Amino acid sequence: MSIVLNHTIVPARDKEAAARFFAEIFGLSYAGLEGNFAPVRVNEDLTLDYDYRSAFESHIYAFHVSDDEFDAIFGRIQQAGISYGSGPRSPRDMEINHRRGGRGVYFHDHEGHLLELLTRV
């Protein structure tokens, strides 16, 4: 059996707004609170469970996506007027990277977490 990450807790000051933002940008569904969490199902294996925290450090969440998914998500990032960048230290240079023959982009969510899209790993 291979090890698969099933879920992780994503800290947020406004867990429902954070879950809605992520779901909207990534083209996913947010169905509302489940217990203490505002869950967003990313795929059949992974759920991001947003939960309230008053203080937390920013995290990086990286997602390997297809070229079509990249185009769709990146289009929503641009349409929403979200600053993006080519690297973790340049998340607002308004450029994408082309590492490993693919495309990658970084952007911050409303909670300060850095989200990464990459088409090649």
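Helices (H or I, at least four residues) and strands (E, at least two) are DSSP runs, numbered from the N terminus. Axes are lines fitted to C-alpha atoms, for helices over the stretch in contact, and angles run from 0 to 180 degrees between N-to-C directions. The structure is a predicted model, in which local features need pLDDT of at least 70 and side-chain atom pairs count only at pLDDT 80 or more, while totals for chains, interfaces and linings use all residues. Residues are numbered from 1 along each chain as its sequence is written, and side-chain values use heavy atoms, with hydrogens and water left out.

- Three strands form an open sheet in the order 1-3-2 with mixed pairing, where two strands pair if DSSP finds at least two bridges between them.
- Strand 1 (7-12) and strand 2 (38-41) are the edge strands, each pairing on one side only.
- Strand 1 and strand 3 (residues 47-52) run parallel and are joined by six bridges.
- His7 stands opposite Thr47 in strand 3.

**Helix 1 on the sheet**
- Helix 1 (residues 15-26) packs on the sheet and touches strand 1, strand 2 and strand 3, contact meaning heavy atoms within 4.5 Å.
- The direction of helix 1 makes about 150 degrees with that of strand 3.

**Helix 1 and helix 2**
- The axes of helix 1 and helix 2 (residues 67-79) come within 8 Å and cross at roughly 125 degrees.
- Helix 1 is therefore oblique to helix 2; angles under 35 degrees count as roughly parallel, over 145 as roughly antiparallel, 65 to 115 as roughly perpendicular and the rest as oblique.
- Glu24, Ile25 and Phe26 in helix 1 meet Ile73, Arg76 and Ile77 in helix 2.
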